[in-house]
Each structure stands twice: as C-alpha cells, then as structure tokens.
Amino acid sequence: MTSVATASTLEGLVQVGPRDGLGEVTVVSGGRHGIAVFKPAGSDEIYAVDNRCPHLGFPLHRGSVCDGILTCHWHHARFDLRSGGTFDQFADDVQTYEVIVRDDIIYVDPRPRRNDRVEHAQARLRDGLEQSISLVLAKNVLALLEAGAPAAGILEIGGRFGARYRESGWRSGLTILTAMGNVLPSLGPDDRMLALYHGLVHVARDSAGQPPRHPLDPLPNAAIPASRLKTWFRQFIEVRDSDGAERVLLTAIEQGASPADLADLLASAATDHAFLDGGHTLDFVNKACELLDLIGCRHAATILPSLTPVIARSTRSEELNSWRRPVDLVALLDPAFNRVDSLFANAGGNPDWRAPDELVATLLGDDPTAIVAALTAALETGAPPVAVSQALVYAAALRVAHFHTSNEFSDWITVLHTFTYLNATHQLMRRAPSAELLRGVYHGAMSLYLDRFLNVPPARLPEQRQAALDALPAGADDLLAHLDDTLDREQQVELAGQLTWRYLALGHDPNPLIAALGHLLLREDGEFHSYQMFEAGVALHRELAPVAPERANRVLVAVARYLAGHAPTSRAMLQTARTARRLARGEDLFDAID
Ligand code: FES
C-alpha cells in the first residue's frame, strides 16, 4: 500500500517510476523473486507483492486483480492485495512490500515486512495439519529445518495436534510420527525432512473429518495413592469406561507420576486382556511414551489421554476364535499367570543370560505348550524379563525373515503385527518392567505361535544361499546402489534380503545401509506397517549388534524383505516433497511463463 516518504527513507529503495505513467502492473527487481507492483484500474492505491505465488511459484504479475483481490491463474489462489493474506489455504500469504511516493516517483522498500520466519512456518504447519494439505506440510517442515528449528518442535506440533483433534484417540498417524522421530538420527540429512513430513501427513489424514477430543480434568484436590489410581484405571478400562479412566490418568499426571509410573499404569491395563486389537494397542501405548521422550513429559496431559478410548474399546483376543480353538491359548497361559508375580520377582538372577538358539527355535515352533514351558523355565532359571522379551522380538523378526512370498500378500501384516507388538512389550519392559507386562510377553509368544503357518515352507535365509550371494557385488556402494535399483521393481523380496545380508556379512558399516533402507522407505507412499517395520527393526538391530551381530544382521534382512515386498508405489508424497524443495531453492516450476 502507498505511503509518502521522507528523504531519509529512500536509501535502499527500488525505484519503480513516475506515478503518472504507472501501468496496472509493473515488475521490478528486489526481494528473492522480483516484486510485482500493482496499480488497479480506477484506484489511486499502489501495492507491491512478491512476484511469485506462494503456492507453486507462478509469476503473480500474470495474475488478475478485481475488487482488491489478486488471483493467481495457475491454481486460482486468491490474495488480498493490501495485506497479502490468502483466501485459499493450499497457498500461503504472499509477502508484501511497502510502497513509497516521493515527488510523484514510486519506490518500493524491498525488505520483507514479514520477518517471523519460524513463527510463520509453525503457524502454517498447523494450517497444513488442520486442512490436511501435504504441500503445506512439506514446505513448512523444510522452512523450519532450514531456519534451524529443532525437530522436537515439529514433533510437538504434530503430536499435540494428533492427540487433540481425533475424538477416538491415538491412531496410526501418531505412531508413524513417533517412529519417524525415533529414527531421525539414523537417516540421511534430506531424509530427515521426509521422515517428519511423512509423519505429519499421516497425523493430518487421521484427523481429517474427525470430531476433536474434549479434554477432561483431573479429580479436584486429589491426593490419591498411586496404587489406588492404578487399580481404578484398570477397573475402568475393564468395563470400557474411557472417561473414567481418563480422569484417573489425568489425576496421576497432576500428582506428578513419573514417566515410568505412567507407562506402568497404561501397560498394565493394556495387558489385562490378550493382544488387544491385533497388537496395535500396546504398540500405541509404547509409542505415546516414546513421543513424550522426544517432546518432553510436560505434554503428558495432552498426549496420554488420547490412549484411553483406544485401550477401552480394543478387541480382546480371548474373544477371538483363533485364540480359543482348537487350542485354548488363554487357558494355556493360566498356570503361568497365576504365579506371574513370583515369576517376575524371582527372575533376573542371571543378568548375562542370552536366549540360546534352541529357545528361539522353540518359540518359532508349533507346540504352544512347549513355548509356554520354555518361557517359564527361562525366567525360573534366571533370565531377566527384558532378555526374554528381547528373545521374543528377535524370534518375531525371524518370522518376517522366513516369510514365504507364496503367502497371501496381506499375511505380511500378520507377521508384522506380532513383531511390532513384541517390540512394544520389549521397549516397555526396558522402560517400566512389571509382572503385569510380563503377561504381554506371553501373549506375544502366543501370537507368534499363531503365525507359524506363514513360515510354511520357510523362506530360506540369505546366508543359506551362498551361490546367490557370491554372484552379487562386494563393494559397499555397489551393494547399496543395487539395493536401490532392486526396490524400484516389484516383489524383489529375496534379492533385497541377499543384498542386505551380503553387505553386512562383508563387514561394511551398517549405518549407511540403515540410512539407505530409511530412504527406500521414505521415497514410497508408505503404508503404516512399513514405518513400524523399519523403526522397530533398526532399534532391535542396534541393540543386538554389539552382542549378537549375526542375529542383528538377520533383523535387517527382515526389514529389507518387508520393504521390498511393499515397493514401489506411485511416490506421490516424494513428488510433493521434491516440489517443496524446488520452491525453497527458488526454482521456477512454471517454465513456460516468460
Ligand atoms: S495458485 Fe498460484 S501457483 Fe498454484
């Protein structure tokens, strides 16, 4: 908009020209992309805006002005010429510049009026979540990272949004966001942006069209023993009373319960019944705890209540025929559960215990009675519960590594569910070990048993195919390039596993391989379970590598096989992210103009 200048303000200004001769639009150099100066017909006002549409960069001097509204002609985004504010949320507010008149000469001050880069990008990130617009999310994740904003701040915005704006609670989007937050240090620099962007896109999709949650309050003036709160919480979940459970949870938070105490409260209720919702519920509990690790426990009262409707409404696997017939797996566990307190209390006498191969073979076998007996015997002979939970998650990874592609495609998800459930029990056991959670370990073992026919026949591990391995390149870069090409083609499951095994067996640094697998995940339009597989696999690999490197390598074989089984996709998300990057670099996307 126009103002009258004093002499001292002219320094650094860009001269546009005499007022009288000014056309309806003039372009001058300045700013990052040139400045479009508009003098709408029939108006004395003059306006200056960035000559680049904030949506995809169309030159705005080619737009049209009517009633003070500038319309970009590529996707028809509209802007208030005076303020630069957009009426179309898929675009963004356009930068405006001050117009100055002195002695009837028009000048523009090329210094942007808006200098709140981080605050603006954060606000636009929230807009992108509310409107579920991928490009807005990609552009503003990029803007925040380039401005040096910490990833934790981005995770906080996404986490708080997802927990608040979905009445039915935590879902896959928040799990993906957290999983991607966990793996950020393992990814290449460009893929860190992609990881955050993927997480936010899925959070936004989960909340789109959903009613928001209306948060409850903690009990007033409460000073209730933690043990009573835990009892109440489990009672309310037992009768599927989400609101009652939420008030108890909020009271525990208000009373200063530690992160471990909160994890124990939630995990206890989530293991009072078997394998809730195909394993997802306990995984969500674990991921919510991990999200607080990433963004700070001060957000507990916002994040954790999103779990109570999920835990309360979950399908309990004892309600499923597969858990009751032909073998009643619930009844089979009763003897161990009847003495689970003493089992837990007396376990751990041998802190160096490692699961022998025979135990892993039993866990993958077809005798549920033998599986339960083997677990109980391990605990009774000194195995720490956390070592037992680790043995089970490793066995579940082997299930994926041995998954035969003659199964139904959807069966990938069945073995994945058991793996991620057991990863959750293991991570929770590391965080907040308890007798109640130990039941979850047994439940996971029963799910592993139920999956046994998905390894019939078992796919051979790469290490059992030496001739095929010998035919592959030996150099690290060659192997990674080969892996990249391999996942450009459908169903290259065995080759992906072989390349991964060969890379690791030759002693190459696993970190570039993990980063490459992360890239192969993030270049696709990933489905929920692929993110879970990668994140849990990387966590288990890192845990096993120092003590059991061959086992650690088999875990990454499982990851590579799973990703190969789900690639390639149409890569629409990658296209959007690339567009955001090109715009951030100032590239012209609309080359045909001018
Ligand atoms: S609306 Fe302007 S580039 Fe799309």
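Tutor: A polar contact is a pair of N or O atoms within 3.5 Å, where one must be able to donate a hydrogen and the other to accept it. Keep in mind that this is a predicted model.

Student: With which side chain does the side chain of Asp92 make a polar contact?

Tutor: The partner is the side chain of Arg124, at 3.2 Å. Asp92 sits in the loop between strand 8 (78-80) and strand 9 (96-102).

Student: Is Asp92 buried or exposed?

Tutor: Buried means under 20% relative accessible area. Asp92 has 11%, so it counts as buried. Leaving aside residues up to four places away in sequence, Asp92 touches Pro54, Phe79, Thr86, His120 and Arg124.

Student: How should I read salt bridges, and how many are there?

Tutor: Side chains of opposite charge can pair when their charged atoms come close. Here the count is 32 salt bridges. One of them joins Lys230 and Glu436, whose closest N and O atoms are 3.2 Å apart. This pair links distant parts of the chain, with Lys230 in helix 6 (residues 226-238) and Glu436 in helix 19 (residues 435-450), 206 residues apart. Lys230 is buried at 17% relative accessibility, and Glu436 is buried at 18%.

Student: Where do Glu290 and Lys287 lie?

Tutor: Both are in helix 9 (residues 280-295), 3 residues apart, or about one turn of the helix.

Student: Which parts of the chain does the pair of Asp488 and Arg523 link?

Tutor: The side chains of Asp488 and Arg523 meet in a salt bridge at 3.9 Å, N to O. Asp488 is in the loop between helix 21 (476-486) and helix 22 (493-505), while Arg523 is in the loop between helix 23 (510-522) and helix 24 (528-544); the two are 35 residues apart. Asp488 is partly exposed at 39% relative accessible area, whereas Arg523 is buried at 5%.

Student: Which residues do salt bridges that share partners join into one network?

Tutor: The network holds Lys230, Arg234, Asp264, Asp272, Glu436 and Arg439.

Student: Now aromatic rings. How many aromatic pairs are found?

Tutor: A search of the whole structure gives 7. One of these aromatic pairs is Trp412 with Tyr562, 5.4 Å centre to centre and with 80° between the planes. Planes over 60 degrees apart count as edge-to-face, and this pair is edge-to-face.

Student: Why does the pair tie together parts that are apart in sequence?

Tutor: Trp412 lies in helix 18 (residues 411-431) and Tyr562 in helix 25 (residues 549-565), so the pair ties together parts that are 150 residues apart in sequence. Both Trp412 and Tyr562 are buried. Elsewhere, Phe275, Trp323 and Tyr421 make up one aromatic cluster. A charged side chain can also sit on a ring: Arg164 lies over the face of Tyr165, at 5.1 Å from the ring centre.

Student: What should I look for in the nonpolar core?

Tutor: In soluble globular proteins, nonpolar side chains tend to be buried together. The largest nonpolar core here has 168 residues, and Leu304, Phe419, Tyr442 and Leu517 touch the most other members. Helix 17 (residues 385-401) gives the most to this core, with 12 residues.

Student: Which residues does Leu517 touch?

Tutor: Not counting residues up to four places away in sequence, Leu517 touches Leu483, Phe534, Leu556, Val559, Ala560 and Leu563.

Student: Last, the backbone. Which residues does a cis peptide bond join?

Tutor: Val456 and Pro457 are joined by one, with omega about -5°. Pro457 is in the loop between helix 19 and helix 20 (466-470). Another joins Ala567 and Pro568, with omega also about -5°, and Pro568 lies in the loop between helix 25 and helix 26 (572-584).

Student: What is the phi of Ser132?

Tutor: Ser132 has a positive phi of about 55° although it is not a glycine. Ser132 is in the loop between helix 1 (117-131) and helix 2 (134-146), and is partly exposed at 29% relative accessible area. Arg240 also has a positive phi, near 60°; Arg240 lies in the loop between helix 6 and helix 7 (242-254).

Definitions and conventions. Residues numbered from 1 in each chain as written. Predicted model: local features only at pLDDT ≥ 70, side-chain atom pairs only at ≥ 80, totals over all residues. Heavy atoms only, no water. Helix = DSSP H or I, 4+ residues; strand = E, 2+ residues; numbered from the N terminus. Buried < 20%, exposed > 50% of the residue type's maximum accessible area, 1.4 Å probe, protein only. Contact = heavy atoms within 4.5 Å. Phe/Tyr/Trp six-rings, centres within 6.5 Å; stacked < 30°, edge-to-face > 60°. Lys NZ or Arg CZ within 6 Å of the ring centre and 35° of its normal. Salt bridge = Lys/Arg side-chain N within 4 Å of Asp/Glu carboxyl O. Core = buried A, V, L, I, M, F, W, Y, C linked by side-chain atoms within 4.5 Å.
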